[in-house]
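Dear colleague,

Please find below the structure that I am handing over to you. My findings follow directly after it.

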2 protein chains.
Amino acid sequence: MSNNQFKRGELYSVVNGMATTAVARRLQKNFRNAGLDITIEQWSVLYHLWKEDGLSQLELGNRTFRDKASTTRLIDNLEKQELVLRVASKEDRRINLVYLTDIAKPLQQITYELANQTMNEALLDITKEEIDIVKNVFQRVYDNLTNKDLI
Amino acid sequence: MSNNQFKRGELYSVVNGMATTAVARRLQKNFRNAGLDITIEQWSVLYHLWKEDGLSQLELGNRTFRDKASTTRLIDNLEKQELVLRVASKEDRRINLVYLTDIAKPLQQITYELANQTMNEALLDITKEEIDIVKNVFQRVYDNLTNKDLI
DNA sequence: GACATATAGTTAGTTATGCAACTAATATAA
DNA sequence: TTATATTAGTTGCATAACTAACTATATGTC
């Protein structure tokens with residue numbers, strides 16, 4: 001118990017900041033080098049809109065694991081850059097539906113290629129089995145902390 | 001190639017923000033509930049000082065995967081809360097050595113317990129083998145992106 | 001219909017992040 | 001030994017994160 005617990009404590013330091021930040025920084029740099037003036041956070045929102053346009057802010061927050069306040073500002077900035085458009089829903093006027101602009105649409109292909117290229121650099125020697133384990137572990141960690149979050 | 005690449009692209013979204021953020025948020029909440037007024041970022045610095053006191057700011061940045069500017073501000077805030085002290089090195093006066101104060105020292109035990117408790121919640125059903133794989137994968141991802149970072 | 005409650009989004013305040021440009025101290029090279 | 005380069009840390013600028021308090025719309029109940 002004691003020895004194992006320490007190893008568990010270590011996981012946090014390893015996971016937080018290290019690889020995720022390295023990947024994020026590299027992808028950001030690759031965007032910049034390609035003349036794309038978007039942050040990876042903005043890209044994470046666009047990524048989901050390219051898959052399904054016209055999502056609500058709340059739904060975008062859920063899919064990108066952000067709270068609504070953070071989502072609001074991210075979309076503020078995306079709107080400032082005219083990559084995205086807020087349209088009030090006709091069924092429920094509390095809801096803003098977020099749509100891609102004609103400027104954002106053609107960026108999908110370029111960012112898709114840059115993201116894949118970055119992932120290939122990052123995951124060079126890592127097997128599909130290992131990736132599947134990482135994804136599975138992270139999904140379970142997330143579920144462990146959110147499903148029973150009753151307080 | 002094509003199908004596999006898309007899966008690789010997905011890993012980024014899964015890893016970034018989801019589990020790491022969930023763990024960080026939970027730990028932060030547990031700190032707050034225990035009356036500890038420190039952020040997890042501050043804790044990540046203290047964690048390394050408890051292991052080895054008197055590290056330079058640069059070394060702390062390396063161990064917590066931060067650039068020097070972020071490290072500077074983090075230590076500014078820790079110093080404001082009197083948890084940490086900067087002392088100019090006598091050998092090399094460019095270097096600040098960072099020392100724990102008497103206020104910070106006794107916090108080790110409490111945060112250690114809270115971090116372990118949080119990790120036990122987060123890693124409930126996850127085996128030691130899986131954790132080892134995750135750690136190993138993340139180390140290799142980090143190495144892939146930093147070792148050959150020649151630009 | 002009126003009042004209480006829930007929901008979507010915004011705003012204010014604090015901390016943190018990265019990059020780039022800067023200062024000060026040290027090391028290297030002529 | 002002076003000029004040049006490198007290194008450790010700080011500061012300015014912009015983006016982003018979370019919490020908590022707020023507005024406005026919708027829903028539910030009496």
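A residue is called buried here when its relative accessible area is under 20%, and exposed when that area is over 50%. Please bear in mind that this is a predicted model.

I begin with helix α3 of chain B, which spans residues 57–64. Four of its residues are buried, namely B:Gln57, B:Leu60, B:Gly61 and B:Thr64. These residues lie on the same side of α3(B), because they cover an arc of only 100° around the axis. An α-helix has 3.6 residues a turn, so residues three or four places apart point the same way.

On the face of α3(B) turned away from this buried side, B:Leu58 and B:Asn62 are exposed. The buried residues, in contrast, pack against several elements of chain B: the helices α2 (40–51) and α4 (68–80), and the strands β1 (55–56), β2 (84–88) and β3 (96–100).

The backbone also deserves a remark. Most residues other than glycine have a negative phi. Just after α3(B), however, B:Phe65 takes a positive phi of about 60°. In chain A, A:Phe65 likewise has a positive phi of about 60°, although it is not a glycine. A:Phe65 is found in the loop between α3 (57–64) and α4 (68–80) of chain A.

A:Glu82, also not a glycine, has a positive phi near 60°. This residue lies in the loop between α4 and β2 (84–88) of chain A. A:Glu82 counts as exposed, because its relative accessible area is 53%, against a cut-off of over 50%.

Yours sincerely

Notes
Residues are numbered from 1 along each chain as its sequence is written. Chains are lettered from A and ligands numbered from 1 in the order in which they are written. This is a predicted model: local features need pLDDT of at least 70, side-chain atom pairs count only at pLDDT 80 or more; totals for chains, interfaces and linings use all residues. Side-chain values use heavy atoms; hydrogens and water are left out. Buried means under 20% relative accessible area, exposed over 50%, partly exposed in between (1.4 Å probe, protein chains only). Helices (H or I, at least four residues) and strands (E, at least two) are DSSP runs, numbered from the N terminus. The arc is that of the directions from the helix axis to the C-beta atoms. Contact means heavy atoms within 4.5 Å.
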